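Reader: I am new to reading structures. Could we go through this one in short steps?

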Amino acid sequence: MVVNQNTFSVALLGDAGVGKTVYLEKIMGNAFQPAYIPTVGIEVHHFKTLFPEHGEVEFLIMEYSGQEKYSLVHDQQSGSHIGAYDCAIIMYDNTSLRSCKNVGLWEREIKRIWGEDIPVIVIRNKTDIGDGHAYQGPLECLGVSTKLHMGLLFPFIRLADMLNS
């Protein structure tokens, strides 16, 4: 079934160092880069792909800094965080209990800023490294391994399903 709307805006949030930038680079076909370079403010990414159920789908992804000193989400004075998003992704690091526990904080921030009705999913990154920390909350959580290129498109397939239902 091909849908009418094929472009969606996505807010991508999560703690610093969980792998948001590397994940986005990887789904866009770039090589894995283990070096950590923090995002400052918001970085904009375009990702377009073909899904059998939805046809060609384009995602405009706004990646927010996870470091509070750089994040515009936390900056109430700038107003830069205000915008309409179709959905949001919260990413956490499978090896970090702190980032796992902070998923709830990110969810509350998303709902406070963009409203209760915005679809949100959680990405558990670095699933290739041990058992790690499982998110125990109400949001759907999908595991990925950016390093091993495992499950990277599942979150976007799921978002397309949610947004077109």
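This is a predicted model: local features need pLDDT of at least 70, side-chain atom pairs count only at pLDDT 80 or more; totals for chains, interfaces and linings use all residues.

Reader: Which side chains make a polar contact with the side chain of Glu63?

Author: Glu63 sits in strand S3, residues 55–64. Another polar contact, at 2.3 Å, is with the side chain of Thr21.

Reader: How many Å away from Glu63 is the nearest side chain of opposite charge?

Author: Glu63 is buried, yet it has no salt bridge. A salt bridge needs a nitrogen and an oxygen within 4 Å. The nearest side chain of opposite charge belongs to Lys20, and its distance is 5.3 Å.

Reader: How many salt bridges does the structure hold?

Author: Side chains of opposite charge can pair when their charged atoms come close. Asp93 pairs with Lys126, Glu109 with Arg112, and Glu140 with Arg158. The number of salt bridges in the structure is three.

Reader: How many residues apart are Asp93 and Lys126?

Author: The closest N and O atoms of their salt bridge are 2.9 Å apart. Asp93 is in strand S4, while Lys126 is in the loop between S5 and strand S6. The pair links distant parts of the chain, and the separation is 33 residues.

Reader: Is Asp93 buried or exposed?

Author: The cut-off for buried is under 20% relative accessible area. Lys126, at 22%, counts as partly exposed. Asp93 has 7%, so it is buried.

Reader: About how many helical turns separate Glu109 and Arg112?

Author: Their side chains meet in a salt bridge, 3.0 Å from N to O. Glu109 is buried at 13% relative accessibility, and Arg112 is partly exposed at 47%. Both lie in helix H3, three residues apart, so the separation is about one helical turn.

Reader: Which elements hold Glu140 and Arg158?

Author: The two side chains form a salt bridge of 2.7 Å, N to O. Glu140 is partly exposed at 31%, and Arg158 is partly exposed at 29%. The pair is 18 residues apart and links distant parts of the chain: strand S6 and helix H4.

Reader: What do the buried residues of H3 pack against?

Author: H3 covers residues 103–114 and reaches 16 Å from its first C-alpha to its last. Its buried residues include Val103, Trp106, Ile110 and Trp114. They pack against S1, S3, S4, H2 and S5.

Reader: Which residue follows H3?

Author: H3 ends at residue 114. The residue after the helix has a positive phi, near 100 degrees, and is Gly115.

Reader: How many residues are in the largest nonpolar core?

Author: In soluble globular proteins, nonpolar side chains tend to be buried together. Among the residues with the most contacts inside this core are Tyr23, Phe59 and Phe156. The core's size is 23 residues.

How values were computed: Residues are numbered from 1 along each chain as its sequence is written. Side-chain values use heavy atoms; hydrogens and water are left out. Helices (H or I, at least four residues) and strands (E, at least two) are DSSP runs, numbered from the N terminus. Buried means under 20% relative accessible area, exposed over 50%, partly exposed in between (1.4 Å probe, protein chains only). Lys and Arg count as positive and Asp and Glu as negative; His and the chain ends are not counted. A polar contact is a pair of N or O atoms within 3.5 Å; within protein, one must be able to donate a hydrogen and the other to accept it, and residues adjacent in sequence count only if both atoms are side-chain atoms. The expected span of a helix is 1.5 Å times one less than its number of residues. Contact means heavy atoms within 4.5 Å. A nonpolar core is a set of buried Ala, Val, Leu, Ile, Met, Phe, Trp, Tyr and Cys residues joined through side-chain atoms within 4.5 Å.
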